[in-house]
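Please look over the chain below, then read the notes that come after it.

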Amino acid sequence: MKKTKSFLCAFAVLPVMTLAGNVSEADLSRSAFGNALQDHFVDAARKNSELRQARLAAIRDEKSARQYVEYVRGVIRSKFTFPQAKSPLNAKVISVYRKDEVVARNILYYSRPDYPVTATLFLPDRKGKFPAVLFTVGHSADGRKSETYLRCCVTLAKLGFAVLAVDPVSQGERLQFANVKQVIPLTSSGEHNMRGKQLFLLGETLGAWRVWDLIRGIDYLETVPEADLSQLAVTGNSGGGTMASFVGALDDRVKIIAPSCYITTWRRNIENELPVDAEQIIPGILQNGIEMADLLIARAPAPVLIMGQKKDFFDARGTRESFSEVRKIYTLLGKEENAALFIGPAEHGFSAENRNAMYNFLRDKVSGDKTRFQEPADLPLPPPAALNAAPEGKVSRLPGAKSLHAMIFSMLPAEKRELSQKIVAAKLREALQISFLDAVPEYRVLRVLPTADDKMYLSRFALETEKGRVMSMLYYPAWNGNYHLPVAKEVILYIPHLAAAEELPLEVGKTPLQIWGLDMRGAGAFAPSGANQIDRRFFAPYQADYHYDALGLMTGKSLFGGKVRDILGAVALLRQAGAEKIYLKARGIGSVPALVAAFLLQDKITGVELIDAPDSWRGMAEKEYTLYPQSVMPFDILSVVDLPELREMTPNLVATFSEEPALPEK
């Protein structure tokens with residue numbers, strides 16, 4: 001670790017008061033404002049819903065319905081970035097498995113140069129041309145070889161369809177972390193989230209990368225003599241339902257869309273504290289007034305079957321609400337019969353009931369066959385090993401193949417750039433939605449908080465850094481019974497790694513200056529009390545911090561930008577209360593928003609000390625596996641600036657650096 005002398009160092013002790021009695025660490029760590037982020041984003045989702053319902057209510061005829069379809073199609077397509085040109089597919093049939101009137105061709109193609117995709121084409125074992133289906137796989141570790149998804153594909157082939165099932169990246173034969181030592185083992189969702197946050201740094205999204213794999217799969221289908229794409233259908237479940245909805249909205253070659261266990265409403269997801277997966281994050285989508293139903297309305301009046309489950313975590317209430325909106329548009333377009341809904345009786349999954357609903361919908365829309373079909377219970381399936389498209393079932397064994405991480409590495413900008421402080425500041429303010437640098441927030445004076453060791457009281461001042469909502473907290477490490485801000489002329493504002501109430505007492509005595517601590521949104525007293533998965537560690541890849549950062553991206557209310565605004569608000573309040581010189585001292589992940597704030601407030605910050613700071617955003621993208629959370633990895637930031645460049649443009653700054661943040665135990 002690089003050591004740099006701090007200009008804040010000295011030896012003095014601020015007055016403290018000792019408590020009688022015991023206060024457990026659990027009591028201290030309990031989030032005083034644990035619902036702040038949840039309520040913040042629920043408000044955003046409900047506002048979007050109200051505005052959108054008013055817009056839908058104004059649609060009363062075919063013309064306005066068509067205008068709405070064009071509007072949502074344009075917005076959705078503007079949110080996905082794809083390569084400007086299609087590279088050669090270099091598709092090959094690697095092996096063939098034939099049994100029980102079904103032939104399975106195992107395919108390898110390249111959606112981007114040196115970026116392999118594994119797939120299987122299931123066909124009826126007879127001559128002919130068959131209506132094509134793109135099957136989008138959900139979150140299963142074995143990808144397209146999952147028993148449930150194999151059942152779908154084999155059954156569709158027996159019914160006379162040509163079905164291309166594609167492995168998503170980080171699933172099946174496309175696992176990315178087989179040779180990487182992982183502090184926290186990653187499921188397929190964890191792998192997605194790891195690569196997703198690295199793509200965000202470059203202004204890319206995992207959703208777009210996954211959709212592009214599927215678009216290139218459609219390109220492959222166009223080369224298959226047996227495949228008839230005139231009525232191309234796309235179907236899938238869960239994460240596959242997501243991709244079916246996305247690719248249906250984005251590729252006009254898709255004519256029929258049948259997603260299962262995905263379509264609800266984002267409003268219901270947010271209200272229910274339901275985290276999204278990395279590929280399901282569409283930056284700015286809610287900010288632009290779009291809801292899940294619009295993914296399907298974008299292709300109206302193409303036939304669409306929305307499938308849900310009664311007991312699904314994707315709320316069936318939202319599924320019905322979305323269907324009602326879809327049906328209204330289809331009715332105005334004179335195609336009400338093209339919109340259908342099926343709610344199965346089970347929990348999340350492509351149950352037999354949902355699969356049968358899908359088979360019958362496709363048969364009806366493709367051939368007009370309305371006879372009821374039911375999947376046989378004793379359906380013979382190919383063994384997974386017979387479906388390998390890569391050596392030993394691993395694309396990592398392919399000579400010259402690039403992993404997604406290698407692709408990310410190749411997109412990184414040059415390390416040395418000529419940057420203008422003025423231009424960088426303007427771009428940062430725009431990206432982080434910072435309109436004022438010196439807005440003084442309203443604040444509340446709260447009861448004092450005892451520290452865990454019974455040695456100190458912390459006076460607390462709750463700052464309304466969002467209009468009418470407390471989102472950050474100033475702490476003063478002493479009793480303040482006079483209900484005012486006892487601000488000295490020269491102060492330190494300490495930005496913690498995780499929680500000011502735990503870290504600030506450790507800073508007392510290191511300086512003669514008056515010291516304050518700040519919990520930003522999402523940290524300390526504002527650590528979310530909900531939206532957690534089984535692994536509740538802060539740096540786990542699917543934790544609440546990740547979830548609320550995802551919501552920030554979708555609503556245009558950046559969590560990172562909010563953290564920076566929390567610091568700006570605290571500085572403005574301290575200055576108003578009498579501070580003439582303010583030093584920022586920040587630790588760990590808190591040093592990232594602190595550095596941005598210091599850069600923007602160069603004329604108001606006397607000095608900056610960063611401790612155990614990440615060296616660069618670029619380094620977070622370069623590492624195969626990083627514990628730095630998505631909430632300090634702003635979207636498209638590397639196109640604007642990197643941390644070393646910010647440090648160079650920020651005067652009176654000293655720093656030490658750390659390889660990775662500390663990993664608290666469960």
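## Overall build

This is a predicted model. The protein chain holds 19 helices and 17 strands. Its radius of gyration is 27 Å, close to the 26 Å from the globule rule for 666 residues, so the chain is as compact as a globular protein of that length. The C-alpha trace spans about 85 × 55 × 50 Å along its principal axes.

Of the 666 residues, 63% are buried. Among contacts with a separation of 6 or more, 76% link residues 24 or more positions apart. The accessible surface of the protein chain is about 25,900 Å². Carbon and sulfur atoms contribute 51% of that surface. The side chains include 81 positive and 76 negative ones. The centres of these two sets lie 2 Å apart.

## Helix 15

Helix 15 covers residues 544-555. At 1.5 Å a residue, its 12 residues should span 16 Å. The end C-alpha atoms are 16 Å apart, which agrees.

How many of its residues are buried? The count is 12 of the 12, so helix 15 is largely enclosed by the rest of the structure. The buried set includes the charged residues D545 and D549, as well as Y546, H547 and Y548. It also includes L551, L553 and M554. The cover over these buried residues includes helix 2 (36-57), helix 5 (188-201), helix 8 (266-271) and helix 16 (559-576). Just after helix 15, G556 has a positive phi of about 75 degrees.

Two residues stand out for description here: R521 and F526. R521 sits in the loop between strand 14 (514-519) and helix 15. F526 is placed in the loop between strand 14 and helix 15 as well. Is R521 buried or exposed? R521 is buried, at 2% relative accessible area. F526 counts as buried too, at 1% relative accessibility.

Leaving out residues up to four places away in sequence, R521 touches L37, H40, T465, E466, M471, F526, L559, G562, K563, R565 and D566. With that exclusion, the contacts of F526 are F33, A36, V470, M471, S472, M473, D519, M520 and R521. F526 and E204 are 322 residues apart in sequence. Their C-alpha atoms are 29 Å apart in space.

## Backbone exceptions

Most residues other than glycine have a negative phi, and most peptide bonds are trans. Some places in this chain depart from that pattern.

A cis peptide bond joins A300 and P301, with omega about 5 degrees. P301 lies in the loop between helix 9 (292-297) and strand 8 (304-309). S170 has a positive phi, near 70 degrees, and is not a glycine. S170 belongs to the loop between strand 5 (162-166) and helix 5. At 1% relative accessibility, S170 is buried. E273 also has a positive phi without being a glycine, at about 55 degrees. Its loop runs between helix 8 and helix 9. E273 is partly exposed, at 28% relative accessibility.

N237 lies in strand 6 (residues 227-237). It counts as buried, at 2% relative accessibility. Which residues does N237 touch, not counting those up to four places away in sequence? They are T136, G138, Y149, S260, C261, G349 and F350. N237 and N354 are 117 residues apart along the chain, and their C-alpha atoms are separated by 9.4 Å.

L221 lies in helix 6 (residues 206-221). Its relative accessible area is 0%, and it is buried. Beyond residues up to four places away in sequence, L221 touches L121, A132, V133, L164, A227, L229 and L232. A132 is 89 residues from L221 along the chain. The C-alpha atoms of L221 and A132 are separated by 7.7 Å.

Key:
Residues numbered from 1 in each chain as written. Predicted model: local features only at pLDDT ≥ 70, side-chain atom pairs only at ≥ 80, totals over all residues. Heavy atoms only, no water. Helix = DSSP H or I, 4+ residues; strand = E, 2+ residues; numbered from the N terminus. Expected span 1.5 Å × (residues − 1). Buried < 20%, exposed > 50% of the residue type's maximum accessible area, 1.4 Å probe, protein only. Contact = heavy atoms within 4.5 Å. Rg over C-alpha atoms; globule rule 2.2 N^0.38 Å. Areas by Shrake-Rupley, 256 points an atom, 1.4 Å probe, with all protein chains shown as cover. Charge placed at Lys NZ, Arg CZ, Asp CG, Glu CD.
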